[in-house]
Amino acid sequence: MIANPIAEIRDAILQRQRFVITSHARPDGDAIGSQVAMAYALRQLGKDVQLVDRDPTPPQFQTLPGIRDIQVSPTVHGQFDAAIVMECGNLSRTGVDGFEKYFVINIDHHPGNSKFGAINWFDERAAACGEMVFDVIEALGVTLTPEIATHIYVAILTDTGGFHFSHITPRTFEICRRCTEAGAQPEAIARAVYDNSTMGRLRLMGAVLHNLEFEANGRAALAVREIQAVAFLKEVEPGTFRISLRSKGDVDVNRVANRFGGGGHKNAAGCTLNGPYADVRRQLVDELNRALA
């Protein structure tokens with residue numbers, strides 16, 4: 001076990017010049033914020049940095065600084081001294097082939113990390129991977145610029161569900177305070193992330209509400225006062241459903257996701273299920289009932 005993973009990561013970065021940075025497929029705010037913040041920090045140190053993701057940045061994050069630097073590709077190519085992989089339980093979670101040939105620095109806060117890197121820093125206590133990136137940036141002695149601060153704030157804001165989830169600590173707010181002092185603008189970030197729904201997205205939400213189904217005596221469905229867990233099913237291709245799970249309090253949807261080969265956090269997780277909708281629905285309901293029991 002590494003006594004001081006932050007120091008080991010700091011030293012590994014300072015000793016190397018060329019870096020490639022990635023996070024998980026279908027990136028969320030923590031994935032985007034963490035990797036772009038790290039890229040800005042390394043470039044401040046004079047390092048050469050390439051960002052590679054399997055999937056495009058979601059629309060609500062595309063106005064953030066540095067997003068255009070992210071290359072979307074199923075494969076990573078080039079001569080790099082190290083790969084920094086954020087928010088991934090294993091390398092396959094990136095969706096990008098080729099990272100295994102590099103010196104890998106693995107930074108993650110999700111339960112079940114397989115410790116696939118040459119250096120592995122796993123901290124389940126962190127409210128977001130962005131908190132861990134903040135610690136690395138401090139260790140590197142990098143100036144907290146408005147661009148870095150914005151991405152750290154985005155990472156924390158989104159991975160705490162807008163400061164809704166139970167894994168928030170006083171340090172979470174201390175980092176956000178530091179980021180705000182450095183130039184992050186909470187109001188503008190919140191508007192960009194949460195207030196840019198398209199007409200199509202609003203119509204989709206209307207359809208979801210219209211077809212809402214309740215289970216577990218009304219305790220599983222959508223995020224209203226009485227609901228303790230919710231499962232969103234999206235059929236990405238015939239017979240393949242992408243599942244997003246959210247919960248409140250002590251209801252552990254990460255265990256539900258793990259049951260089907262997925263993962264995440266106690267109150268926010270995801271997985272993929274194959275089969276007819278009726279079968280997928282039944283399997284999910286069974287596991288959610290166990291989580292609610």
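In this predicted model, helix α4 passes helix α6 in a right-handed crossing. One of the sheets is open, with 6 strands and parallel pairing, while another open sheet has 4 strands and antiparallel pairing.

**Helix α4 and its partners**

- Helix α4 covers residues 146-159 and helix α6 covers residues 186-194; the two pack at about 55°, and their axes lie 11 Å apart. At that angle, α4 and α6 are therefore oblique to each other.
- On the α4 side, T150, Y153, V154, L157 and T158 make the contact, and they meet P186, I189, A190, V193 and Y194 of α6. Sorted by class, the α4 contact with α6 has 8 nonpolar and 2 polar residues, with no charged ones.
- Helix α4 also packs with α5, here at an angle of about 150° and with the axes 8 Å apart. Angles over 145 degrees count as roughly antiparallel, and that makes α4 roughly antiparallel to α5.
- The α4 and α5 crossing is left-handed. From α4 come P146, A149, I152, Y153 and I156, and from α5 come T172, I175, C176, C179, T180 and A182.
- The contact of α4 with α5 contains 9 nonpolar residues, 2 polar residues and no charged residues.
- If you follow Y153 in the structure, you will find this α4 residue listed in the contact with α6 and in the contact with α5.

- H167 sits in the loop between α4 and α5, the latter spanning residues 170-182.
- From there, the H167 side chain reaches the backbone oxygen of A127 at 2.9 Å.
- With neighbours within four places in sequence set aside, H167 touches R125, A126, A127, D159 and T160.

**Helices α2 and α3**

- Helix α2 (residues 29-44) and helix α3 (residues 129-140) cross at roughly 10°, and their axes come within 9 Å. Angles under 35 degrees count as roughly parallel, and α2 and α3 are therefore roughly parallel to each other.
- Helix α2 contributes D30, S34, A37, M38, A41 and L42 to the contact, and helix α3 contributes C129, G130, V133, V136, I137 and L140.
- In terms of class, the contact of α2 with α3 has 9 nonpolar, 2 polar and 1 charged residues.

**The parallel sheet**

- Reading across the 6 strands, the order is β3-β2-β1-β4-β5-β6.
- The edge positions belong to β3 (70-72) and β6 (119-122); each has a single partner strand, so one side of each has no neighbour in the sheet.
- From one strand to the next, the twist averages 20°.
- Strand β1 (residues 18-22) pairs with strand β4 (residues 82-86) in the parallel sense, over 4 bridges. T22 has V85 of β4 as its bridge partner.
- Helix α1 (residues 5-14) packs on this sheet, where it touches β1, β4, β5 (104-108) and β6; the directions of α1 and β6 make about 140°.

**The antiparallel sheet**

- The 4 strands of this open sheet follow the order β7-β8-β10-β9.
- Strands β7 (229-237) and β9 (263-264) are at the edges; each has a single partner strand, so one side of each is left without a neighbour in the sheet.
- Strands β7 and β8 run antiparallel and are joined by 8 bridges.
- G263 stands opposite G270 of β10.
- Helix α9 (residues 277-292) lies across β7, β8 (240-247) and β10, and runs at about 155° to β7.

Key: Residues numbered from 1 in each chain as written. Predicted model: local features only at pLDDT ≥ 70, side-chain atom pairs only at ≥ 80, totals over all residues. Heavy atoms only, no water. Axes fitted to C-alpha atoms, helices over the stretch in contact; angles between N-to-C directions. Parallel < 35°, antiparallel > 145°, perpendicular 65-115°, else oblique. Left-handed = near helix turned anticlockwise from the far one by under 90°. Contact = heavy atoms within 4.5 Å. Nonpolar A, V, L, I, M, F, W, Y, C, P; charged D, E, K, R; others polar. Pairing = 2+ DSSP bridges. Polar contact = N/O pair within 3.5 Å; in protein donor to acceptor, adjacent residues only side chain to side chain.
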